[in-house]
Amino acid sequence: MEGKYFVKEHSEPIEKHEHVIFEFEDGIDLRYADVRKFGRMCLVNKDRIDEYEPVAKQGIEPIDERLTGDYIYEHFKSKRIPIKSLLLDQTIIAGLGNIYADEVAHRAKVNPLKLGIDIKRNECNRIKEAAKEIIEKAIEYGGTTIRSYTSSLGVTGKYQDYLEVHTKAGEKCPQCGTIIKKEKVGGRSTYYCPRCQK
Ligand SMILES: [Zn+2]
């Protein structure tokens, strides 16, 4: 459901969903394909990129060492918003989508339905560790491909084989054997283990 980039020979036919094509002098194209057209592109002066609003507002990425448990605690502790929604807030932590937010909350043993104001400092430390581990592994395995389209090149991620809760409602938690539950939080499907994530 997401935009994807492909490297192709310029001579290859343009696929239906390839909306932006960067042509290089050596005959290679970088093609941006986006089935649902949710992607946006802007031309930005590279010397002023930090002033560009989406960049300026962006939070810290899980693999960035500036992401600490204290940072997460400071940004979560006063919010009457479910932790699941805070994990998805790109202005706090940049780069966790719906799949990884569920996996991070599970690995960190944090209940995603709880509000930010109820979070403990040690839970934030565990979120930080879990986010880093999961994103690093997901990058290594080429991301996660579930129910989205397979490209014409058959490029798919492999991290879906390592998901512990997301899309696993009715199955057993791999950590404790409890049946995984599914609820809507802020309009997003949320999967969690009611025993590991109290
Ligand atoms: Zn469990």
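Student: Which residues are buried in helix 4?
Tutor: This is a predicted model, where local features need pLDDT of at least 70, side-chain atom pairs count only at pLDDT 80 or more, and totals for chains, interfaces and linings use all residues. Residues are numbered from 1 along each chain as its sequence is written. Helix 4 covers residues 98-107, and nine of its ten residues are buried (20 or more other C-beta atoms, placed from the backbone, within 10 Å of the residue's own). They are I99, Y100, A101, D102, E103, V104, A105, H106 and R107.

Student: What covers the buried residues of helix 4?
Tutor: Count contacts as C-beta atoms, placed from the backbone, within 7 Å. The cover then includes helix 3 (83-88), helix 5 (121-140) and strand 5 (188-192).

Student: Helix 2 and helix 5 pack at what angle?
Tutor: Helix 2 spans residues 69-76, and its axis lies 8 Å from that of helix 5. Axes are lines fitted to C-alpha atoms over the stretch in contact, with angles running from 0 to 180 degrees between N-to-C directions. The angle is about 120°.

Student: Which residues of helix 2 and helix 5 make the contact?
Tutor: On helix 5, the contact uses R121, C124, N125, I127 and K128. On helix 2, the residues are G69, I72, Y73 and F76.

Student: Which residue in strand 3 does V20 stand opposite?
Tutor: Strand 2 and strand 3 (residues 28-33) pair in the antiparallel sense over five bridges; pairing takes at least two DSSP bridges. The residue opposite V20 is Y32.

How values were computed: A residue is buried if 20 or more other C-beta atoms lie within 10 Å of its own, exposed if 12 or fewer, and partly exposed in between; C-beta atoms are placed from the backbone. Helices (H or I, at least four residues) and strands (E, at least two) are DSSP runs, numbered from the N terminus. Two residues are in contact if their C-beta atoms, placed from the backbone, lie within 7 Å.
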